[in-house]
Amino acid sequence: MSVFLLLVVVGLCSAQYNPNLNENRTSIVHLFEWRWEDIAAECERYLGPNGFGGVQVYIYVDIVMNHMTGYGAGIGTSSTCGSYYNSGARDFPGVPYSLLDFNDKKCRSSNGGIDNYNDAYQVRDCQLLGLLDLALEKDYVRGKIADYLNNLISIGVAGFRLDASKHMWPGDIKAILNRLNNLNTEWFANETKPFIFQEVIDLGGEGISASEYFGNGRVTEFKYGVKLGNVIRKWNGEKMAYLKNWGESWGFMPNDKSLVFIDNHDNQRGHGGGGASILTFFDSRLYKMGVGFMLAHPYGFTRVMSSYRWPRYFVNGKDINNWMGPPSNADGSIKTVTINVDSTCGNDWICEHRWRQIKNMVIFRNVVDGEPFANWWDNDSNQIAFGRGNKGFIVFNNDDWNLDVTLKTGLPAGSYCDVISGQKEGTKCTGKQISVGNDGSARFQISTTSEDPFVAIHVNALL
């Protein structure tokens with residue numbers, strides 16, 4: 001289970017579409033499989049000081065309420081709390097759930113699983129990958145789930161990610177959410193609703209649409225990473241010039257309903273939709289461009305991925321090691337996240353959120369929050385640029401030739417530090433320096449061989 005830990009939260013939240021972030025915070029990060037101790041330390045030493053708004057894995061909680069363990073799990077005890085279960089008998093006394101609380105008799109497929117994803121009844125009433133499907137229309141089941149969520153709210157969580165939402169009826173989810181308390185006033189303003197975002201993999205062509213879930217909260221926009229990956233990889237004739245109308249015009253859900261990401265813990269492994277177009281840390285040069293574009297563009301509420309490394313081994317084009325868990329000690333315990341002197345992570349933790357380019361683009365998004373999309377430029381190919389009002393400007397060169405162009409940025413005159421090649425430290429730039437003239441124009445030069453083929457400046461990086 002994953003969770004989101006928000007730092008400080010202020011202000012009145014109107015609905016469960018609001019992530020309840022602190023002022024001037026705009027993005028969250030998924031610290032996948034991190035230990036609680038490491039998450040707490042990272043919040044204080046890095047995430048808070050560098051403008052992140054929250055963490056998936058500790059106080060936005062990742063809730064699995066669609067199902068219990070697989071029918072083949074047999075008899076045993078849970079690894080977390082040691083409670084007994086008998087999956088064959090549908091007996092989970094730790095809740096308790098019994099045979100009466102599952103959808104076995106309601107499922108319309110021949111084998112109890114999902115045979116046809118165009119059949120909404122199968123998708124929602126049958127077993128996902130053999131996992132015992134809870135009968136969420138039953139008041140008792142709804143009550144047990146709501147009690148659990150309200151307990152989490154009482155100890156300070158700010159909201160929930162609802163796993164496998166496509167496999168639950170929207171009305172059942174709504175009935176459970178209607179039972180939730182407002183957030184704890186020790187940390188949140190009065191009448192603040194928990195943030196809700198639902199995992200719905202909707203790439204089109206199935207019997208269930210993400211739009212069916214808008215009434216409950218935000219929804220994960222899986223098409224975002226798929227389509228942007230195609231563009232940045234230049235597959236199927238796609239060009240970055242086509243991104244001028246990026247957003248809802250590309251068939252995405254409404255801006256205020258979406259949670260967007262380049263990759264997640266599933267599709268970076270080839271699971272959960274998206275295929276080979278998904279950008280990951282294994283393609284670091286392209287990945288940084290993808291995350292940079294996402295954080296610069298105003299569409300959607302953004303989540304950054306933070307991963308661990310596993311040894312990929314391909315058989316017939318498929319990574320057969322994609323199931324591997326986090327870096328672990330000999331006794332099976334998860335390794336601590338060690339921090340190197342250059343601020344990167346050790347022990348096979350990737351920590352993309354600590355990459356200078358990504359961390360600085362999280363700050364860029366905070367600086368330009370609320371500013372309009374402006375000053376678009378492209379070369380009708382894979383060199384593009386755009387601004388956010390008069391507060392930020394970004395330029396990409398994804399072509400096979402050098403970029404050398406003077407562009408109208410909309411920013412005030414002065415010398416700016418590029419926050420991709422370096423950053424502003426005191427009165428100096430550790431990377432490139434960009435001069436903006438009195439007319440708001442600046443010259444940008446990006447080699448096609450640059451480690452990071454993009455440049456970004458914003459008003460807080462003004463010398």
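The UniProt annotation "domain: Alpha-amylase C-terminal", from an unreviewed entry, covers residues 374–462. The model used in these exercises is predicted.

**Exercise 1. Describe the annotated stretch and the confidence of the model.**

Step 1. Take residues 374–462. The chain there is 0% helix and 52% strand. The end C-alpha atoms of this stretch are 19 Å apart.

Step 2. Turn to confidence. The mean pLDDT of the protein chain is 93. Of its residues, 96% reach 70 or more.

Step 3. Over residues 1–14, pLDDT stays under 50. The model has 70 contacts beyond four places in sequence for residues 1–14.

**Exercise 2. Work out the strand order of the open sheet of 4 strands, and say which strands stand at its edges.**

Step 1. Write the order: S15-S16-S17-S24, with antiparallel pairing.

Step 2. Look at the ends. Strands S15 (373–378) and S24 (454–458) each have a single partner strand, so one side of each is left without a neighbour in the sheet. These two are the edges.

Step 3. From one strand to the next, it averages 10°.

Step 4. Check one pair. Strand S16 (residues 383–388) and strand S17 (residues 392–397) run antiparallel, joined by 6 bridges. Gln 383 has Asn 397 in S17 as its bridge partner.

Step 5. Place the helices. Helix H6 (residues 284–296) packs on the sheet and touches S16, S17 and S24. The direction of H6 makes about 150° with that of S17. Helix H7 (residues 356–368) also packs on the sheet, touching S16, S17 and S24. The direction of H7 makes about 40° with that of S24.

**Exercise 3. Sort the residues of strand S18 by face: covered or uncovered?**

Step 1. Strand S18 spans residues 403–408. Leu 403, Val 405 and Leu 407 form its covered face. Asp 404, Thr 406 and Lys 408 form the uncovered one.

Step 2. Find the partner strand. S18 is joined by 6 bridges to strand S23 (residues 441–446), and the two run antiparallel. Ile 446 is the bridge partner of Leu 403.

**Exercise 4. Which residues touch the most other members of the largest nonpolar core?**

Step 1. This core has 111 residues. Phe 160, Tyr 224, Leu 243, Phe 293 and Phe 396 touch the most other members.

Step 2. Ask who contributes. H6 gives the most to this core, with 7 residues.

Step 3. Zoom in on Leu 243. Beyond four places in sequence, Leu 243 is in contact with Leu 228, Val 231, Trp 250, Phe 293, Trp 376 and Ile 384.

Step 4. Recall the background. In soluble globular proteins, nonpolar side chains tend to be buried together.

**Exercise 5. Find the backbone exceptions.**

Step 1. Start with the rule. Most residues other than glycine have a negative phi, and most peptide bonds are trans.

Step 2. Lys 234 is not a glycine, yet its phi is positive, about 60°. Lys 234 sits in the loop between helix H5 (222–233) and strand S11 (258–260). Lys 234 counts as partly exposed because its relative accessibility is 30%.

Step 3. Asn 236 also has a positive phi, about 55°, without being a glycine. Its place is in the loop between H5 and S11. Asn 236 is exposed, with a relative accessible area of 71%, and the cut-off for exposed is over 50%.

Step 4. Val 95 and Pro 96 are joined by a cis peptide bond, with omega about 0°. Pro 96 lies in the loop between strand S6 (84–86) and helix H2 (120–125).

Key
Residues are numbered from 1 along each chain as its sequence is written. This is a predicted model: local features need pLDDT of at least 70, side-chain atom pairs count only at pLDDT 80 or more; totals for chains, interfaces and linings use all residues. Side-chain values use heavy atoms; hydrogens and water are left out. Buried means under 20% relative accessible area, exposed over 50%, partly exposed in between (1.4 Å probe, protein chains only). Two strands pair if DSSP finds at least two bridges between them. Axes are lines fitted to C-alpha atoms, for helices over the stretch in contact, and angles run from 0 to 180 degrees between N-to-C directions. Contact means heavy atoms within 4.5 Å. pLDDT is the predictor's confidence in each residue, from 0 to 100. UniProt positions are given in the numbering used here, feature names are shortened, and annotations may be inferred rather than shown by experiment. A nonpolar core is a set of buried Ala, Val, Leu, Ile, Met, Phe, Trp, Tyr and Cys residues joined through side-chain atoms within 4.5 Å.
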